[in-house]
Amino acid sequence: MEDTKTAFRIGELSTLTNVKTGTIRFYGKSGFLSPAKRLLNGYRMFEKNISTRFAYAVLFLGAL
């Protein structure tokens, strides 16, 4: 079954990448990772393609 989800909340991205939410927020503030949008309740939503790139970057940095 294909995953049709197009965006992830910060907690979901944290679970997918095994990176703490605080670290994701840090990368967001530094401009390395920016949320696609914020919902009315303030939740950050990250697009799937950005989430995938971030996951690869985390894997690369962890291998250094």
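Predicted model: local features only at pLDDT ≥ 70, side-chain atom pairs only at ≥ 80, totals over all residues.
Local features were considered only at pLDDT of at least 70 and side-chain atom pairs only at pLDDT 80 or more, whereas totals for chains, interfaces and linings use all residues. Residues are numbered from 1 along each chain as its sequence is written, and side-chain values use heavy atoms, with hydrogens and water left out.

The protein chain contains 3 helices and 3 strands, taken as DSSP runs numbered from the N terminus (helices: H or I, at least four residues; strands: E, at least two). From the N terminus on, these elements follow the order β-α-α-β-β-α. Of the 64 residues in the protein chain, 25% are buried; buried denotes a relative accessible area under 20%, exposed one over 50%, and partly exposed the range in between (1.4 Å probe, protein chains only).

Helix H1 spans residues 10–17. Its buried residues are Ile10, Leu13, Ser14 and Thr17. Viewed down the axis of H1, these residues fall within an arc of 105 degrees and so line one face of the helix, the arc being that of the directions from the helix axis to the C-beta atoms. The exposed residues Thr15 and Leu16 are carried on the face of H1 turned away from its buried side. Asn18, with a positive phi near 60 degrees, follows H1.

The axes of H1 and helix H2 (residues 21–30) come within 9 Å and cross at roughly 110 degrees. Axes are lines fitted to C-alpha atoms, for helices over the stretch in contact, and angles run from 0 to 180 degrees between N-to-C directions. The two helices, H1 and H2, are therefore roughly perpendicular, a class covering 65 to 115 degrees. Ile10, Gly11, Leu13, Ser14 and Thr17 of H1 meet Thr21, Ile24 and Arg25 of H2, where contact means heavy atoms within 4.5 Å. Ser14, with a relative accessible area of 15%, touches Val19, Lys20, Thr21 and Ile24, not counting residues up to four places away in sequence.

The largest nonpolar core comprises 8 residues, namely Ile10, Leu13, Val19, Ile24, Leu33, Phe46, Ile50 and Phe54. Such a core is a set of buried Ala, Val, Leu, Ile, Met, Phe, Trp, Tyr and Cys residues joined through side-chain atoms within 4.5 Å. With residues up to four places away in sequence not counted, Leu13 touches Phe8, Ile24, Leu33, Phe46, Ser51 and Phe54.

Notes:
Parallel < 35°, antiparallel > 145°, perpendicular 65-115°, else oblique.
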